[in-house]
Amino acid sequence: MEYNFNEIEKKWQKSWSENKIYKTTEDSSRPKYYVLDMFPYPSGAGLHVGHPLGYIASDIFSRYKRLQGFNVLHPMGYDAYGLPAEQYAIQTGQHPRITTEENIARYREQLDKIGFSYDWDREVKTCDPNYYKWTQWAFIEMFNHYYDNDADKALPIKALTDHFKEKGTEGLKAACSEEITFTAREWNSKSEKEQDEILLNYRLAYLADTMVNWCPALGTVLANDEVKEGVSERGGHPVEQKKMKQWLLRVSAYAERLLKGLDNIEWSDSLKEIQRNWIGRSEGAEINFPVKNSDINIEVFTTRADTIFGVTFMVLAPESDLTLQLTKEEKREEITSYIKESKKRTERERQTDVKKVTGVFTGSYAINPLSNEEIPIYVSDYVLAGYGTGAIMAVPAHDSRDFTFAREFNLPIRQVVVPKGSKPEDTSTWKDSIDSKEGYLINSDFINNLSVAEAIKKTCEYIDKKGLGKVKVNYRLRDAIFSRQRYWGEPFPVYYKDGMPKMLSKEDLPLTLPEVDKYLPTEKGEPPLARSKEWQTKEGYPLEVNTMPGFAGSSAYYLRYMDPQNREELVSKQANEYWQDVDLYIGGTEHATGHLVYSRFWNKFLYDIGTVCKDEPFKKLVNQGMIQGRSNFVYRIKGTNKFVSLNLKDDYDTTPLHADVNIVHNDILDIDAFKKWNPEYKEAEFILEDGKYICGWAVEKMSKSMYNVVNPDTIVEQYGADTLRLYEMFLGPLEYAKPWDTKGIDGVHKFLRKLWRLFYDKEGNVVVEDKKTGAQELKILHKTIKKTTDDIERFSFNTAISSFMICINELNDLKCHKREILEPFIKLISPFAPHICEELWQILGNKKTICDTRWPQFNPDHLIESSVTYPVSFNGKMRFKITVAADMQREEIEKEALNNEQSARWIGDKEVKKIIVVPGKIINIVVK
């Protein structure tokens, strides 16, 4: 009986689905284990073979933990809002919901073919009103809370208003957009609208003017990762910096907790470091620099207060509110033009472009509060309004970008820190700034000759004491812009009364998207929702016309999986206390910052208000590497429609062209298929070698433009899902990038056929035996149990598969078909290749699914050797081997070696001087 993978896989996929084998319920009698894949966005192109890599890994681990007795939650759903569906709707008029549902159906079909153990009863889609109702609910809760720094948690906004009524801002320590002060009397005398405006300064979800990446062509704000080199990633449209009124989430309030939480989770050191850098904690001082002949102060944050005597100029961000205020009339035209140009560059570009420095002098001067020196104020786009205060004190001797700027504009460079082991230098000879992290101070008044650390401390104390500023902890992490000018997204549960935002009642949720005539902005430039005349409350108040960004729906989806059918709350207390948090999260490194920071923030907020029982959402996180494409090339002779084979191309002047890898097999081109693939090549001619056209190849990103995308459906059809699963894991370590090469898939497929032949002979008869098992067979099995268990725990799936291959070869050598060996062996393989193992499990006479059996237990006794084979050497040269009992004593081993008939030949008439026995390894007889 042949291994008919197509029939077997369809049979078991149908059986698993009909019998709901993967359905999960809370069960207090069993320990829980929650395995999560990062939320996929279902694109119209469907899956290519690179996409399932992480899913296969998580599926293997889920099945393994289930076999170990855990109650495993392994769900799947869809991040269903996205710009591609909206752009398609704009182009065709088709509602983005239709496009999205079609894409989801395609994804689901492909996922099912690979045999994943998902509990589809828990499926969620972010575009489902029953799902985004809870995103809207969470937003309302954030609007109705503020962050109390003393309590170190979110508290209801009523606690804040009560404080204002009794004390004003006195004694208040709360996260806010700007520090403001007022008395209780002043608060109580304000109108409702004035109070609402003040509260926006503290709310966790708030409305404010902020700089954004604005794409006029797409008519929406874009996240930083949606912009590449000044243009939108989708469509390549110009993007500019623009100040707009936006909804924001006060993520910055949680910065310290987000940092500390990293110490309590099992993530890689590199990923934690990425998060720490993104959050960017720095201790320093906020210093006020008065502007000459003005009441304006420029506030600057610096971690290096010790270098204040080295400040020779100041720089404002182009978008700073102070820029135009401090611009002298004769400079206004030049600076206005500069501001306009700077809007064309994203913040990321401005940060990373360290070689090019531009700027304009405002005509104004600031006063150094410690030296009373007048210093010029410039505008430059290497300073960002969103970081710190949007202004810097420039110390060109000890900062590379300040140095470049000073050289460009012929500004003074004053050394104030001398590195350890060095002497003061003439800065006019410098080619770059000098690192100043350690050393002693010069040219710095009262901190001269102090070390850097001592000087920082003394300067901060002086600034604080003299009221020139304050000591402060700053963070690079900024509040998340939460508005998008799109149609296809979660509607905000917000209406406006007297121009101020108000929240809908929770009983009115979900607020669903209205129908619109077009998915474009209005003629006035308003977002598409403004096209709907019905987009208002029943009282006639206008609803918010922006929608939430993509990360709104993907920030807490892991919680909804715990209780997806609950119509009364995001997740019930019972379900949350059972599942608690995600034990294993697998996904790509592209989410190392944004998604993980926002999810952790969202979870911590829900923890503060008592919705969830764990402060951190993801206990262990593993990043899978990328599967790269293996491209194939054909070589066209220039000026012709003739193609020459790889090893003959050097004799011609050729142009390499990508060929579709799906019509190339082991680098040999299917010429007929190639001619049909592109009409241009229908009449092409070919110069062959040995009757074949051999293609060149290269490892590149898997992309449609390079024709190297491999559809998993094709692999499943040709080789089966189990082969695909095994091969993707066999390509290399999970965390590494590796190229896809279909040439290697045959070996994995042959392995499955070998496994099949342990159960069936060539005539299709079952050959499984109930004979007594020998010691050698048990040793092979238990060696594999130990290796597989260790490898899975380390996510070293490729080496586990290698051990399966070795085991099968060894069992074949012994002609072993014994049930006692084969039954536990297929349990080991079943997480990797579930279809064939389920079939073989039933062939062994088992009625229940292999998913509900138990993982084989390793018995170290079976690895204890009963005998040992020693190589016997004479004067260091191995001559023969002897086998003795494993527990034989050294003296007996020596006698056994000397008395062996072969020893007489090598000893002859020589004298035995010494016998060296290394237990379990070697015997060396020294003769002379």
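## Surface patches

Patches are made of residues with over 30% relative accessible area and no salt bridge, nonpolar side chains being joined within 5 Å. In this predicted model, Ile916, Val918 and Ile922 make a nonpolar surface patch of about 190 Å². Ile916 belongs to strand β34, which spans residues 912-918. The relative accessible area of Ile916 is 34%, so this residue is partly exposed.

A patch of negative charge is also present on the surface, where Asp887, Glu891, Glu892 and Glu896 gather. One of these residues, Glu891, lies in helix α28 (residues 890-899). Glu891 counts as exposed because its relative accessibility is 52%, the cut-off for exposed being over 50%.

## Aromatic pairs

The model contains 64 aromatic pairs. In the pair of Trp134 and Trp137, the ring centres are 6.0 Å apart and the planes stand at 70 degrees, so the arrangement is edge-to-face. The two residues are 3 residues apart in helix α5 (residues 129-143), and therefore about one helical turn separates Trp134 from Trp137. Both Trp134 and Trp137 are buried.

Phe674 and Phe686 form an edge-to-face aromatic pair, with 5.9 Å from centre to centre and 75 degrees between the planes. Because Phe674 lies in helix α20 (residues 671-677) and Phe686 in strand β29 (residues 685-687), this pair ties together parts that are 12 residues apart in sequence. Phe674 and Phe686 are both buried.

## Aromatic cluster

One aromatic cluster is formed by Tyr33, Phe61, Tyr64, Phe70, Phe795, Phe797, Phe804, Phe825, Phe832 and Trp855.

Conventions: Residues numbered from 1 in each chain as written. Predicted model: local features only at pLDDT ≥ 70, side-chain atom pairs only at ≥ 80, totals over all residues. Heavy atoms only, no water. Patch = residues over 30% accessible without salt bridge, like charges linked within 9 Å, V, L, I, M, F, W, Y side chains within 5 Å. Areas by Shrake-Rupley, 256 points an atom, 1.4 Å probe, with all protein chains shown as cover. Salt bridge = Lys/Arg side-chain N within 4 Å of Asp/Glu carboxyl O. Helix = DSSP H or I, 4+ residues; strand = E, 2+ residues; numbered from the N terminus. Buried < 20%, exposed > 50% of the residue type's maximum accessible area, 1.4 Å probe, protein only. Lys, Arg positive; Asp, Glu negative; His and termini not counted. Charge placed at Lys NZ, Arg CZ, Asp CG, Glu CD. Phe/Tyr/Trp six-rings, centres within 6.5 Å; stacked < 30°, edge-to-face > 60°.
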